[in-house]
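Here is a protein model to read with some care. The questions below ask on what grounds each term is applied.

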Amino acid sequence: MATVAGSLDTLRCITICFNSRRNSTSQPHRQWGPCAIGPLCSRYLRSARLSTTAMLSMLQNPRQAAAQVLNFALILSSAFMMWKGLSVISDSPSPIVVVLSGSMEPAFQRGDLLFLWNRNLLQDTSVGEVVVYNVKDKDIPIVHRVVRKYGEGEDAKLLTKGDNNPSDDTELYARGQDYLVRKDIIGSVVGYIPFVGYVTILLSEHPWLKTVMLGVMGLFAILQRE
């Protein structure tokens with residue numbers, strides 16, 4: 001209502017100014033000065049322009065903010081789809097893992113990013129191969145080397161050991177388990193990038209950094225201008 005009233009006042013002001021100017025031209029013998037309400041007209045015109053700008057800003061900003069939120073959601077969904085795609089291609093629930101300890105030095109250092117492949121189409125897991133396996137009731141997978149193998153195929157029994165560890169992984173296995181079987185392995189290491197995974201280590205050791213990083217990413221996605 002305030003905007004409508006302001007617009008009506010502006011039109012009224014312009015009409016008065018126009019009539020004053022017309023009267024001044026119809027009576028040339030009189031000396032008419034500037035329109036007495038000229039400053040008032042200017043003030044109303046400026047107010048109308050500001051009101052229009054404010055309305056446009058109110059209409060545009062929510063739309064732009066919503067677009068930025070959608071862009072951020074698109075980035076997250078794209079990353080999730082890429083992860084699931086890699087999982088399907090490699091046949092591994094975790095196609096990319098990070099070395100969290102120094103048990104595999106000097107082959108792999110803490111913070112190295114490992115790429116896994118779990119489709120053994122040509123040959124079974126062999127001795128000397130670096131594998132990542134899960135242990136029952138433990139959340140973090142372990143990256144170690146196969147040092148012994150008994151049998152062939154899916155029923156083969158595997159014994160692993162860290163290159164930098166003095167003994168094998170028997171103590172790391174679940175209670176009553178002396179060897180690994182093929183279903184315990186989530187992938188074999190086929191490539192790596194050194195030290196790239198240190199960000200993951202920092203996030204795991206300092207959980208509050210996850211909240212800070214997500215907040216900064218969300219704020220940046222919302223506030224950035226196209």
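Q: In β2, what is the bridge partner of valine 97?
A: Valine 97 is bridged to leucine 114 of β2 in this predicted model.

Q: Why are β1 and β2 called a pair?
A: Two strands pair if at least two bridges are found between them. β1 and β2 have three bridges, so they count as paired. The sense of the pairing is antiparallel.

Q: What makes β2 and β6 a pair?
A: Five bridges join β2 to β6, which covers residues 185-193. At least two bridges are required, so β2 and β6 pair. The two strands run antiparallel, and the bridge partner of phenylalanine 115 in β6 is glycine 191.

Q: Which strands are the edge strands, and why are they called that?
A: The open sheet has six strands in the order β1-β2-β6-β3-β4-β5, with antiparallel pairing. Its edge strands are β1 (96-98) and β5 (157-161), because each pairs on one side only. From one strand to the next, the twist averages 50 degrees.

Q: What is the pattern of helices and strands along the sequence?
A: The chain contains four helices and six strands. Read along the sequence, they follow α-α-β-β-β-β-β-β-α-α.

Q: Is leucine 113 buried or exposed, and why?
A: Leucine 113, found in strand β2, has a relative accessible area of 15%. Buried means under 20%, so leucine 113 is buried. Leaving aside neighbours within four places in sequence, its contacts include Ile96, Val97, Val98, Gly191 and Tyr192.

Q: How far apart are leucine 113 and valine 98?
A: They are 15 residues apart in sequence and 4.7 Å apart in space, C-alpha to C-alpha.

Q: Why does threonine 125 count as buried?
A: Threonine 125 has 3% relative accessibility, and the cut-off is under 20%, so the residue counts as buried. Threonine 125 lies in the loop between β2 (113-117) and β3 (130-133). Beyond its neighbours within four places in sequence, threonine 125 is in contact with Asn120, Val131, Val146, Lys149, Leu158, Arg182 and Ile185.

Q: How many residues does the chain have, and what share of them count as buried?
A: The chain has 226 residues, and 25% of them count as buried. Its accessible surface comes to about 15600 Å², with 63% belonging to carbon and sulfur atoms.

Q: Among contacts between residues at least 6 apart in sequence, what share join residues at least 24 apart?
A: The share is 57%.

Q: Where is the pLDDT below 50?
A: Residues 1-11 are one such stretch, with seven contacts in the model beyond near neighbours in sequence. Residues 20-41 also have a pLDDT below 50, with 14 contacts counted in that way. The chain averages a pLDDT of 76, and 69% of the residues score at least 70.

Q: Which residues does UniProt list for "transmembrane region", and what is the span made of in the model?
A: The unreviewed UniProt entry lists residues 185-201. In the model, that span is 24% helix and 53% strand, and its end C-alpha atoms lie 22 Å apart.

Notes:
Residues are numbered from 1 along each chain as its sequence is written. This is a predicted model: local features need pLDDT of at least 70, side-chain atom pairs count only at pLDDT 80 or more; totals for chains, interfaces and linings use all residues. Side-chain values use heavy atoms; hydrogens and water are left out. Axes are lines fitted to C-alpha atoms, for helices over the stretch in contact, and angles run from 0 to 180 degrees between N-to-C directions. pLDDT is the predictor's confidence in each residue, from 0 to 100. Contact means heavy atoms within 4.5 Å. UniProt positions are given in the numbering used here, feature names are shortened, and annotations may be inferred rather than shown by experiment. Buried means under 20% relative accessible area, exposed over 50%, partly exposed in between (1.4 Å probe, protein chains only). Accessible areas come from the Shrake-Rupley method with a 1.4 Å probe; for residues, only the protein chains shown count as cover.
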